[in-house]
Amino acid sequence: VTNIGGNPANDVIVEFWNGERGTGTHIANRTITVGINQTITPNVTWIIPEGYHTISAYIDPLNLIGELNETNNNATQNISVLRVNITLPPNATVTADTTPGINFSMQDYTTGTLNYTIYVDGSYNGQTALVTDPANVTINLSTLAEGARDIVVRARDALGRIKDSEPVTIIVDLTAPNPQFETQNNTFFSITTPNIFFNITDAVDNVLNWTLYIDGGDDYNGTVVSGVSSNQTIGPLTNGSYVLILQAYDDVGNVANSTPITIFVDQVPPVPSIETANETWFNTGTPGIDFNITDNLDVSLNYTFYVDDNDNLNGTVANGTSSTANLVGLTNGTFVVRLEGTDSANNAANSTPITIYVDTVPPNVTLLFPANDTNLTSTTTTLNFTVIDNMDTVLQCNLTLDSSIIRSNITVNN
């Protein structure tokens with residue numbers, strides 16, 4: 001507003017309108033004072049509605065200021081809003097498509113031409129075109145790399161004005177989840193409803209779908225949180241072995257299978273047997289005991305030898321294989337030996353016990369008659385001797401003459 005007159009213009013009212021005064025929408029008023037040969041720029045802040053608008057400014061609309069010329073007190077300007085908006089896909093969309101489709105609208109309400117340019121992660125991706133205002137555009141993006149990609153559409157109108165859309169993030173997920181069993185391979189269970197533990201991780205998806213296959217059958221399914229240990233009770237199962245596979249798939253259909261594991265349901269105890277004969281005599285404190293353990297499923301079995309109900313020796317043995325184990329720390333005496341067999345499911349059973357004898361002290365033999373260096377007048381004579389043993393009550397003796405046995409298996413009492 002410029003005052004070219006000879007007097008100051010005091011308290012001049014300036015009205016702003018969207019459209020013509022009286023028929024349009026009143027925006028705001030300003031009151032200004034303009035000195036001689038002075039120019040004042042009044043302004044208001046206005047939230048512009050979408051559309052094409054003619055903004056009008058009226059100076060001294062009520063003619064309160066005396067002027068020589070009232071014809072140049074008004075001004076108009078046409079303005080419009082340039083807008084661009086991505087309508088599809090929604091923000092944070094996850095997809096396995098590397099060239100996903102997007103839809104966006106552009107308008108500056110001038111019915112002229114508009115240019116769009118696509119930016120991915122802040123860089124121009126090579127996609128641009130001219131369209132007619134208003135425009136609703138559907139295109140497929142150029143190939144996106146895996147990961148979270150920020151998409152922006154930049155609009156430019158014929159006046160050179162630029163407007164960027166709000167960014168939309170598209171997450172390209174090409175990697176399947178990683179399902180893993182926490183239950184170890186070849187685990188034995190003594191119950192028919194075992195609890196199977198597993199974990200599924202994914203780089204993008206937080207909630208993952210899973211299916212548990214038992215011997216190829218689709219038996220159980222559900223959802224889990226990525227990276228959180230989970231479990232599923234299966235069964236009831238009969239005694240036997242089962243192959244389990246865990247399949248996981250994310251929201252965009254990426255699928256992966258775990259390494260299969262084998263589990264065993266075993267409620268049948270092993271059958272241990274001592275093959276050494278009952279009442280066997282040994283001349284050592286580490287006697288070797290022959291034994292065998294058989295089982296319906298397990299390939300390797302644990303054993304424990306008990307001597308007089310005390311734990312003496314333990315180890316492992318192959319299923320159905322005859323073996324020998326040496327007991328330890330036995331002194332002279334009589335001992336009851338029992339074998340316990342245990343499988344991987346902790347089923348246990350005992351053998352029939354046997355009695356063994358350990359005797360490491362030889363008998364003491366004394367020749368009483370004839371005395372040493374005796375001269376005999378007969379070709380036959382009677383020998384008198386005694387036999388003393390620390391354990392045995394009946395002993396077998398041999399008579400040796402000049403290092404040759406002339407009588408054997410002479411039975412004597414201790």
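I started with Val-228, which is partly exposed at 41% relative accessibility. This is a predicted model, so I kept that in mind throughout. Val-228 sits in the loop between strand 18 (217-225) and strand 19 (230-233).

Next I turned to salt bridges, and I noted six in the structure. One of them pairs Glu-50 with Arg-83, with 3.4 Å between the closest N and O atoms. Glu-50 lies in the loop between strand 2 (25-34) and strand 3 (52-59) and Arg-83 in strand 5 (residues 83-88), so this pair ties together parts 33 residues apart in sequence. I wrote down that Glu-50 is exposed at 54%, while Arg-83 is partly exposed at 22%.

Then I looked up Arg-149 and Asp-121, whose salt bridge has its closest N and O atoms 2.6 Å apart. Arg-149 belongs to strand 11 (residues 147-157) and Asp-121 to the loop between strand 8 and strand 9 (123-132), so parts 28 residues apart in sequence are tied together. Arg-149 is buried, with a relative accessible area of 17%, whereas Asp-121 is partly exposed at 38%.

My last entry was Asp-108, in the loop between strand 7 (101-107) and strand 8 (113-120). Asp-108 still touches Arg-161, and its other contacts include Ser-80, Leu-114 and Asp-133.

Technical notes:
Residues are numbered from 1 along each chain as its sequence is written. This is a predicted model: local features need pLDDT of at least 70, side-chain atom pairs count only at pLDDT 80 or more; totals for chains, interfaces and linings use all residues. Side-chain values use heavy atoms; hydrogens and water are left out. Helices (H or I, at least four residues) and strands (E, at least two) are DSSP runs, numbered from the N terminus. Buried means under 20% relative accessible area, exposed over 50%, partly exposed in between (1.4 Å probe, protein chains only). Contact means heavy atoms within 4.5 Å. A salt bridge is a side-chain nitrogen of Lys or Arg within 4 Å of a carboxyl oxygen of Asp or Glu. Lists of a residue's contacts leave out its neighbours within four places in sequence.
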